[in-house]
Amino acid sequence: MTEKQHLLLIGAGLCGSLLALRMAQRGFQVTLVEKRPDLRDVTQDAGRSINLALSDRGLKGLRLAGVEEKALELCIPMLGRMIHDKEGNTFMSNYSGRDGEYINSISRPGLNMLLLDAAEAMPNVEIIFNKGCKSVDLENASAVFEDYTTKERTELKGDIILGTDGAGSVVRKSMFNDRNFLFSFSQDYLTHGYKEITIPASDSGGYRTEKGALHIWPRGEDMLIALPNLDGSFTVTLFLPYSNSDYCFDNLTTPEMVTEYFTKEYPDAVALMPNLVEEFFDNPTGPLGTIKCSPWNSYGKSLILGDAAHAIVPFYGQGMNASFEDVVVFDEILENQKDASIDWKKVFYEYEKARKHDTDAIADLAVDNFHEMKEHTASPLFQQKRKIEMILESQFPDVYSSKYSLVTFNENIGYAEALRKGRAQDKAILNLLDDKKISEADKPSEILNIVISETNAILHDD
Ligand code: FAD
């Protein structure tokens, strides 16, 4: 294999930096170009998703590149959802009935820095910061970059281009604008946006609320969530409609309105956020959308991966995890190349064939979970369903996995299969509870049999 080929990677975010590291480990010459300054040298933007939920699929990607252990040092395990009602009561709903299955809160810049350090330590990786890609010559695998400060333009060329430049990808836009091939593209925004606020550490440096959980304040249309950080703080994210609602970003325009809204909806959270009003107005409001497109490659010379190919809404905590899984799948396809020289067109084709149905599935699951988190987590029927799932997972750990577990903890099946099976199981349990055919007081083996048989009937009908 001609592994001295030169790969030009555009975008040194989470996907690009892991991909650069892995491709360098495979022996390629890698140039990684990033439009922002080196995040190891500058203070971070406030309010841009500073922590993320990292789970098994993402960990698999980090393991492949030998950086899992280091990443785990940055992680805080979150064992379940801690639901906060309007009266300030809380209850914990575990993510799994099996021991050892939980998700992790990790700092985005911390993880990105770790990956950049590891990539930079490879002798065959060059990382260039402050240069934003302006245009791509897809047929020739070259791109023009503009320096962030001097505005000077340079052209860089590789044997291929890998576009990991996120949801607003310039590489993808170049594919979209190329009239020589048919490029399908869809972008669906939610009517909600998001804004980040902080629960600072307590005066003694401790956590002001339970550390080992992902906190949720579900309020039907709106929702607040909070993930812990290593320094004792939490990053809180508000999900709120932009308009057409009693409270929405369009009408929360004064400190009084913001205080009124939070005090009414999230009284226990307000008490933990001393800088609420200031941060609400200082921090940006971000949009939430799903991008699907195809093909992901053009001319066998360029390929898009990560959010550039499949941006999703954040409600399953899987965007980064899916992007890391992209690296695993791409790597597997390269590993299976038998020829002496790499046929990139074939690799890109096989990669999309292996991956697209799964990234489409997680995009749909993430939208489902938006509704589940904001509307259903507080409902008695949903809570009963979770109790049944916990019983099945703890009593039959090798037999039963809930939809959440299939998506989050089962890296051995694709998202598409997790969707197919998980949705049928959800429907089965909800039907059975509604028809009073099962209850948590029943014998676990009886619950298992009836749930499996109802699930199979649903899968059969579909
Ligand atoms: P990005 O992380 O966006 O990186 C793209 C990089 O390319 C950036 O560094 C950017 O500066 C650079 N770039 C862009 N344009 C250019 C250009 N023209 N030239 C050069 N460089 C360029 N995922 C999870 O798994 N778990 C979560 O809990 C989670 N929570 C989220 C919460 C929110 C509010 C949001 C918005 C997203 C969340 N995600 C989560 C999704 C996750 O952030 C993304 O899926 C992930 O960052 C994708 O990685 P990426 O490298 O493809 O894109």
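I began at the interface of domain 1 and domain 3, where the rule finds two salt bridges. A reminder to myself: I am looking at a predicted model. I then checked polar contacts, and the rule finds nine residue pairs across the interface of domain 1 and domain 3, both partners being at pLDDT 80 or more.

Which elements give two or more residues to the side of domain 1 that touches domain 3? I noted α2 (56–64), α10 (319–335) and α11 (344–376). Of these, α11 gives the most, with eight residues. I also sorted this side of domain 1 by residue type, and it divides into five nonpolar, four polar and ten charged residues.

I went back to the domain assignment to get my bearings. Domain 1 comes in pieces, 6–84 + 106–186 + 289–371. Domain 2 covers 192–287, and domain 3 covers 379–461. How far apart do the C-alpha centres of domain 1 and domain 3 lie? I have 34 Å written down for that. The contact takes 19 residues from domain 1 and 16 residues from domain 3.

I wanted an area as well, because the size of an interface is often given as the accessible area lost when the parts come together. Between domain 1 and domain 3, the buried area is about 1,600 Å². Carbon and sulfur atoms give 52% of that area.

Next I asked myself how many residues surround the ligand. I got 32, and the closest are Glu34, Ala53, Arg108, Cys133 and Asp307.

I count 26 salt bridges in the structure. One I followed up is between Asp331 and Arg22, with the closest N and O atoms 2.9 Å apart. Why does this pair tie together parts that are 309 residues apart in sequence? Asp331 lies in helix α10 and Arg22 in helix α1 (residues 14–25), so their pairing links those two places.

I finished with two loops. In the loop between β17 (286–294) and β18 (297–298) I found Pro295. The peptide bond from Ser294 to Pro295 is cis, with omega near 0 degrees. My other stop was Asn244, in the loop between β16 (234–241) and α6 (255–265). Phi of Asn244 is near 55 degrees, a positive value in a residue other than glycine.

Key:
Residues numbered from 1 in each chain as written. Predicted model: local features only at pLDDT ≥ 70, side-chain atom pairs only at ≥ 80, totals over all residues. Heavy atoms only, no water. Domains from an automatic or database assignment. Contact = heavy atoms within 4.5 Å. Buried area = accessible area lost by both parts, 1.4 Å probe. Salt bridge = Lys/Arg side-chain N within 4 Å of Asp/Glu carboxyl O. Polar contact = N/O pair within 3.5 Å; in protein donor to acceptor, adjacent residues only side chain to side chain. Helix = DSSP H or I, 4+ residues; strand = E, 2+ residues; numbered from the N terminus. Nonpolar A, V, L, I, M, F, W, Y, C, P; charged D, E, K, R; others polar. Near = heavy atom within 4 Å.
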